[in-house]
Amino acid sequence: MAQDKESFRDSIGTITEEGKRNYIHPKKPKGKLYKYRTYVSWLLVAFLFAAPFIKINGNQFLLFNVLERKFNIFGFPFWPQDFYLLVISILTGIVFITLFTVVFGRIFCGWICPQTIFMEMVFRKIEYWIEGDRNKQIKLSKQKWNAEKIRKKGLKWSIFFLISFIIANVFLAYLIGGDVLISDILEGPAANLSTFINLVLFTLVFYFVFAWFREQVCIVVCPYGRLQGVLLDNKSINVAYDYKRGEGENGRKKFRKKENRQELGNGDCIDCMQCVNVCPTGIDIRNGTQLECVNCTACIDACDEVMIKTGFEPGLIRYASEDNIAKGEKFKFTPRIIAYSAVLSLLLSIFVVLLFLRNDVETNILRLPGQLYETKGDTISNIYTFKFINKTVNEIEDVTIRLISPEGSVTMVGGTYNVPKQELKEGTLFIKIAKDDLKKSKEKIELGVYSKGELINTTKTNFLGPKKINK
Ligand code: SF4
Ligand code: SF4
């Protein structure tokens with residue numbers, strides 16, 4: 001018997017005993033939380049679709065151009081030279097999600113994750129609209145291929161494909177930039193073959209995920225889902241079944257109007273299976289917190305409706321911690337939450353300080369590798385390569401480099417130059433310093449970068465001279 005109760009641990013709801021795919025047909029959710037989730041999903045879908053086309057100071061709001069190594073986060077451009085900032089922002093994000101999970105469980109998955117939002121709030125709604133609710137879907141999938149099935153499935157898959165194509169466009173806009181995507185589309189597939197190949201590939205991937213693979217992304221692929229086991233503790237708030245109330249002393253039992261369940265020792269769960277039927281990952285939350293649960297709250301709504309109809313208090317399934325259910329404890333700050341919060345505050349502070357200390361222009365001047373200094377009369381000359389990065393949204397004109405200390409001259413090969421916005425300029429320059437002004441054979445020198453005669457950036461490099469100068 002004990003083995004039976006634990007048998008849910010040996011299998012997942014999406015795979016049959018024969019190892020085949022068990023296609024889940026969840027009942028259409030309804031209720032207060034589902035309504036709130038719908039509103040949140042509208043906002044998030046609007047944000048996801050708009051973010052690659054919103055500009056702040058001329059910069060795309062969110063851009064992850066891996067190939068060209070250009071990243072914009074909230075309109076701040078990050079260059080490869082700002083990699084440390086990207087690392088800190090990723091670390092901050094990881095600590096934030098960890099802290100959030102320790103306190104609120106997997107709420108991110110059910111309410112914010114794009115996979116759940118698109119699956120439950122876009123594709124699933126279309127499925128309900130075309131095929132009807134759970135029972136009709138099951139009937140349709142079992143029936144032979146006739147005109148009705150071909151029409152419904154054909155229409156559903158066509159719409160799924162179209163939406164997958166739209167999502168693929170938006171996804172590509174995050175990777176190559178909204179402006180580039182629009183101009184590539186206007187120029188047509190022949191002129192931009194790689195963009196269109198990527199579009200087709202992404203469309204097929206999204207179609208595969210949302211039309212067939214579905215909730216298995218959360219169950220078998222998503223690393224965050226698999227981390228739950230180590231992140232959650234008895235104090236983490238989760239979608240949970242109140243087994244004390246639900247089972248009573250003598251377990252759950254079907255509802256009979258005139259029965260006094262308290263006297264019989266039965267709990268409030270009437271074993272109606274509504275919480276199971278509505279679950280998009282096919283689990284029974286009454287078995288406790290499980291890896292498959294994405295905290296979508298559909299079972300809370302379903303159970304609350306049953307509780308109200310049968311005259312019981314709602315909240316048999318609710319957001320609660322194990323300690324809240326087992327011992328009636330209220331939420332408390334644990335040492336783990338305090339430690340994570342301290343690390344998160346520290347990382348956030350470091351990130352903000354570094355973000356504001358970051359220069360809009362950046363100059364790197366390095367001696368040409370393998371080249372020795374040259375002596376010309378009383379002066380020593382070294383050859384350098386320079387890299388100037390303009391992270392601003394305006395062109396920087398008449399850029400020139402001069403020595404600040406010690407005294408000397410800089411000759412830029414090709415003269416002054418203009419650096420377009422968000423561009424990088426590379427070149428070669430010579431620095432000449434009088435022998436008498438050098439104190440060491442390897443001297444640290446400071447250079448200034450000027451635009452139209454105005455100092456905009458400073459940088460340091462080494463200058464080599466003859467050893468005999470050493471004293
Ligand atoms: S158990 Fe409840 S909250 Fe978890 S995935 Fe299923 S319906 Fe959603
Ligand atoms: S919906 Fe509520 S009452 Fe019905 S089986 Fe689930 S927990 Fe029990």
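How many aromatic pairs does the count come to? In this predicted model, where local features need pLDDT of at least 70, side-chain atom pairs count only at pLDDT 80 or more and totals for chains, interfaces and linings use all residues, side-chain values use heavy atoms, with hydrogens and water left out. Residues are numbered from 1 along each chain as its sequence is written, while chains are lettered from A and ligands numbered from 1 in the order in which they are written.

The count comes to 21 aromatic pairs (rings of Phe, Tyr and Trp, the last by its six-membered ring, with centres within 6.5 Å; planes under 30 degrees apart are stacked, over 60 edge-to-face and the rest tilted). W145 and W157 form a tilted pair, at 6.3 Å centre to centre and 45° between the planes. Because W145 lies in the loop between α6 (134-142) and α7, and W157 in helix α7, this pair ties together parts that are 12 residues apart in sequence.

Helix α7 (residues 147-176) also meets helix α9 (residues 193-213): their axes come within 7 Å and cross at roughly 125° (helices are DSSP runs of H or I, at least four residues, numbered from the N terminus; axes are lines fitted to C-alpha atoms over the stretch in contact, with angles from 0 to 180 degrees between N-to-C directions). Residues in contact (heavy atoms within 4.5 Å) include W157, F160 and F161 of α7 and F202, F206 and Y207 of α9.

Around ligand 1 there are 13 residues (a heavy atom within 4 Å), the closest being C279, C293, C296, T297 and C299.

Note on methods. Helix = DSSP H or I, 4+ residues; strand = E, 2+ residues; numbered from the N terminus.
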